[in-house]
Amino acid sequence: MKLLFVHQNMPGQYRELVQWLSAQGEHEIVFLTQREKHPDIQGVRTVVYKTHHVAANDAYGLSKTWETAAGNGFGAVQALGKIVEGGFKPDIVIGHVGWGEMTFFREVLPDTPMIGFFEYFYSVHGGPVGFDPEAPVSDHAPYLMHGHNVVPLVNIEAVDLGHSPTMWQRNRFPESFHDKIYVCHDGIRTDILKPNKKASVSLGRIGRPLTIKDEIVTFMARNLETTRGYHQFMRAVPHIQKARPNARILVIGGNDVSYGGKSKHPGGLRGQMEAEVGHLLDWDRLHFLGQVPFEDYQNIIQISTCHIYLTMPFVLSWSLLESMSMGATIVASDVAPVREAMTHGETGLLVDFFDPEAIAAQVSEVLARPKSFAHIGPAARQHVVDSYDFLTVCLPEHIRQINGLVPDDIQIKVP
């Protein structure tokens, strides 16, 4: 089969699927992206396109998102035209619609089946906007949020089928979308991400490796930001340290913003929180590791006694399911997208996002009585194996959906 994948930041949600398809050696795969420093995937031809237009910083707020998305769409469709003229006409197009790349593809490929990734529908209700009283919304917020939704509203008609990774994300979209969007996670490699009692982590200021025998608390986010609860985590740390004087806390994440607004503090949110609680912290037992290589991240989670995952109601992080797959005992915020993946007392421990003392108390209890919570990590892993495993659960469903749109003679063999 000839497959065209489209994602602004290659490979995005298609990392596992593209690698698996390429490894079969039976398919011709092209990946269209804006990412110039993209990963090289064996057997995949990558085409980098440039956006045709980006909205100015002072562009009209209600149409700014669409203006940039239209520029992406026009740049992408021009690149698509050259791809087709060069002799590659895909049997199917699979891509993320959120940045507008696929908006105009029908003008070049009117009869080609297309699957679009529908990640998020904006609203001031039920998501991160308006969730945290510390970040009140303006009177214009409902209109600005809905202005963002022009992109999926246009693209639901541009694709034959939509895809969302969780029910919570699909249900953010209007009911009229639901029958057209299938729900299946990108998939977790549970065969790779698993417990490892022999894992160790070396830190520069400690004279020995940390192992599973140490009392380790971990927190991870791509960037340390409010959407992922970093401010509440930092407020919980002094309480954890006071209750557990031997605990070491390892923090993974950059000091930038992936979602939501930036802190007004010159040191970013990290600087803001250090100003707020820094005088209460034992800095010798608090380790900021930045953004670490994937293998190091695995080792850190594998030695963790208790992992903290805090998020506002938003797109579920891969790291939550990955940590569950590695058998971590997780204390997580009690919000709808987390509840879809985790059951309190069985596969995790849910706490109030807004209560740092309750977060700390639950973490401290896990550290104090690890045997009482020893069932949670294995149960979490089994749940991910049963419901989110890439090879046995997600891959067959994605292939089934792809095969449903193409002729029988080119269908992908279902594993």
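This is a predicted model: local features need pLDDT of at least 70, side-chain atom pairs count only at pLDDT 80 or more; totals for chains, interfaces and linings use all residues.

Analyst: Tyr 120, Tyr 122, Trp 168, Tyr 259 and Phe 314 form one aromatic cluster. Across the structure, the count of aromatic pairs comes to 20.

One of these pairs is Tyr 14 with Phe 117. The ring centres of Tyr 14 and Phe 117 lie 6.4 Å apart, and their planes meet at 80°. Planes over 60 degrees apart count as edge-to-face, so the pair of Tyr 14 and Phe 117 is edge-to-face. This pair links distant parts of the chain. Tyr 14 sits in the loop between E1 and H1. Phe 117 belongs to strand E5, residues 114–117. Tyr 14 and Phe 117 are both buried.

Trp 283 and Phe 288 make another pair, with ring centres 6.4 Å apart. Their planes are at 35°, so this pair is tilted. Trp 283 is partly exposed, because its relative accessible area is 34% and buried means under 20%.

Helix H1 covers residues 15–24. Its buried residues are Glu 16, Leu 17, Val 18, Trp 20, Leu 21 and Ser 22. Residues three or four places apart on an α-helix point the same way, because there are 3.6 residues a turn. Just after H1, Gly 25 takes a positive phi of about 70°.

Now the whole chain. The protein chain has 14 helices and 15 strands. Its radius of gyration is 22 Å. A compact globule of 415 residues would have a value near 22 Å, so the chain agrees with that rule. The C-alpha trace spans about 65 × 50 × 40 Å along its principal axes. Of the 415 residues, 53% count as buried. Among contacts with a separation of 6 or more, 68% come from residues 24 or more positions apart.

Last, the surface and the charges. The chain exposes about 18700 Å². Carbon and sulfur atoms supply 51% of that area. There are 36 positive and 45 negative side chains. The centres of the two charge sets lie 7 Å apart.

Definitions and conventions. Residues are numbered from 1 along each chain as its sequence is written. Side-chain values use heavy atoms; hydrogens and water are left out. Helices (H or I, at least four residues) and strands (E, at least two) are DSSP runs, numbered from the N terminus. The radius of gyration is taken over C-alpha atoms; the globule rule is 2.2 Å times the number of residues to the power 0.38. Buried means under 20% relative accessible area, exposed over 50%, partly exposed in between (1.4 Å probe, protein chains only). Contact means heavy atoms within 4.5 Å. Accessible areas come from the Shrake-Rupley method with a 1.4 Å probe; for residues, only the protein chains shown count as cover. Lys and Arg count as positive and Asp and Glu as negative; His and the chain ends are not counted. The place of a charge is taken as NZ of Lys, CZ of Arg, CG of Asp or CD of Glu. Rings of Phe, Tyr and Trp (its six-membered ring) pair if their centres lie within 6.5 Å; planes under 30 degrees apart count as stacked, over 60 as edge-to-face and the rest as tilted.
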